[in-house]
Amino acid sequence: MYWLVKSEPDVFSYADLASRPFEPWNGVRNYQARNFLRAMQVGDGLLFYHSNTTPPGVAGVARVARAAYPDDLQFDPESPYFDRGSSPDNPRWSMVDVAAVAALPRFVSLEALRTLEDLEDLALLRRGNRLSVMPVPEAAWRRILEVGGLDPDEIARQLAPGGGVG
DNA sequence: GCCAACGTTGGC
DNA sequence: GCCAACGTTGGC
């Protein structure tokens, strides 16, 4: 499957993701977004979206490197993501590991996204949407990659488990 | 269960 | 900085 994840680039950008082997996608504290995290499988494709910046838009492609496991920050009293109501034997919040695949040669801004075909079902473009994790229909995935300057078929090979660089 | 108040998100 | 939209909280 395909997904879109939002990140504020001032906090964590696509370049930050590309500078390390993987990143634990922790701190998600919305039930709908959490359920999407739990539905992710290793090798799923991710659109990495820069939010709360100028201009907002899709900066790169990433993949799910590890399926959902308990978000450790929920048990850390010092963390802003600490959740007193969650217990280790029944964790409330989950995270996945995310790894960079390719930056988009052409950044696809939100403004540009609004002009594209095949994106009618993309939750990102729906009014008032605030989800930080959401599914992306395959037609939208392919369209955004093409406009961004990537070959969806080549990316598919890199997403497959055991795929990756080379 | 209702709903007003409040906090957060995120585009502009 | 503004504010619309939305989720959560808590009194009742």
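Tutor: A polar contact is a pair of N or O atoms within 3.5 Å; within protein, one must be able to donate a hydrogen and the other to accept it, and residues adjacent in sequence count only if both atoms are side-chain atoms. Please keep in mind that this is a predicted model, in which local features need pLDDT of at least 70 and side-chain atom pairs count only at pLDDT 80 or more, while totals for chains, interfaces and linings use all residues. Residues are numbered from 1 along each chain as its sequence is written, chains are lettered from A and ligands numbered from 1 in the order in which they are written, and side-chain values use heavy atoms, with hydrogens and water left out.

Student: Which residues surround DNA strand B, and which surround DNA strand C?

Tutor: With a residue counted as near a strand if one of its heavy atoms lies within 4 Å of it, DNA strand B is surrounded by K6, Y49, S51, N52, P56, L110, R130 and L131, and DNA strand C by Y31, R127, G128 and R130. Sugar or phosphate accounts for 67% of the atoms of DNA strand B within 4 Å of the protein and for 62% of those of DNA strand C. On DNA strand C, an N or O atom in the side chain of R127 is 2.4 Å from a phosphate oxygen, and a polar side-chain atom of R130 is 2.4 Å from a base oxygen.

Student: Why is the pairing of R29 with D71 called a salt bridge?

Tutor: The term requires a side-chain nitrogen of Lys or Arg within 4 Å of a carboxyl oxygen of Asp or Glu, and the closest N and O atoms of R29 and D71 are 2.9 Å apart, so the pair qualifies. R29 lies in the loop between β2 (23-24) and α2 and D71 in the loop between β4 and β5, so the pair ties together parts that are 42 residues apart in sequence.

Student: How do you know whether D71 counts as buried or exposed?

Tutor: Buried means under 20% relative accessible area, exposed over 50%, and partly exposed in between (1.4 Å probe, protein chains only). D71, at 0%, is therefore buried, while R29, at 26%, is partly exposed. In another salt bridge, of 3.0 Å from N to O, R157 meets E154; R157 is exposed at 54% and E154 partly exposed at 31%.

Student: Why do the buried residues of α2 line one face of the helix?

Tutor: In helix α2 (residues 31-39), the buried residues are A33, R34, F36 and L37. Seen down the axis of α2, these residues fall within an arc of 160 degrees, so they line one face. Their cover includes β1 (2-7), β4 (57-70), β5 (94-109) and β6 (133-135), where contact means heavy atoms within 4.5 Å.

Note on methods
Helix = DSSP H or I, 4+ residues; strand = E, 2+ residues; numbered from the N terminus. Arc of directions from axis to C-beta.
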